[in-house]
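Have a look at the picture first, and then we'll take it piece by piece.

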Amino acid sequence: QPSVYFDLENPVDVRRLSAPMRLLEDLSGLVIIDEIQRQPSLLELLRVLVDRPKNDARFLLLQNRKRIFGARSIFLALALQPTVL
């Protein structure tokens, strides 16, 4: 399956994710979200999607090391990694 890439520093991708549930729930394969720290609210939505039994997507979240999340966000990001790459 092909992968889908979103760069949250790219205004086009930010607009594509303006309704994230509607967009992300139908994707399958590898979904890469770069610069996730720019939209930390996506973490909780991704957790909901990953927990769905019929979820066919695997999410790879990337962040800039210079911008550190709070402890709660880091926990949620780690919880979204059920698959070993």
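Two strands count as paired if DSSP finds at least two bridges between them. Keep in mind that this is a predicted model. To find the spot by eye, look for Val-4, which stands opposite Val-31 in strand 2.

Strand 2 has another partner to check out. It is joined by 5 bridges to strand 3, residues 57-61, and these two run parallel as well. Here Leu-30 stands opposite Arg-58 in strand 3. To get from strand 2 to strand 3, the chain goes through helix 3 (residues 41-51), making a right-handed β-α-β crossover. As for strand 2 itself, which spans residues 29-34, it's mostly covered, with 5 of its 6 residues buried.

Now go back to strand 1, residues 4-7, and pick out Asp-7. Asp-7 is buried, yet it has no salt bridge. A salt bridge would need the charged atoms within 4 Å, but Arg-38, the nearest side chain of opposite charge, is 6.3 Å away. Leaving aside residues up to four places away in sequence, Asp-7 touches Asp-13, Asp-34 and Glu-35.

How confident is the predictor? The mean pLDDT of the chain is 81, and 74% of its residues reach 70 or more. Over residues 71-76 pLDDT stays under 50, and the model has 6 contacts beyond four places in sequence for them. Residues 81-85 also stay under 50, with 3 such contacts.

Conventions: Residues are numbered from 1 along each chain as its sequence is written. This is a predicted model: local features need pLDDT of at least 70, side-chain atom pairs count only at pLDDT 80 or more; totals for chains, interfaces and linings use all residues. Side-chain values use heavy atoms; hydrogens and water are left out. Helices (H or I, at least four residues) and strands (E, at least two) are DSSP runs, numbered from the N terminus. Buried means under 20% relative accessible area, exposed over 50%, partly exposed in between (1.4 Å probe, protein chains only). Lys and Arg count as positive and Asp and Glu as negative; His and the chain ends are not counted. Contact means heavy atoms within 4.5 Å. pLDDT is the predictor's confidence in each residue, from 0 to 100. A crossover is right-handed if, with the strands pointing away from the viewer, the path from the first strand over the helix to the second runs clockwise.
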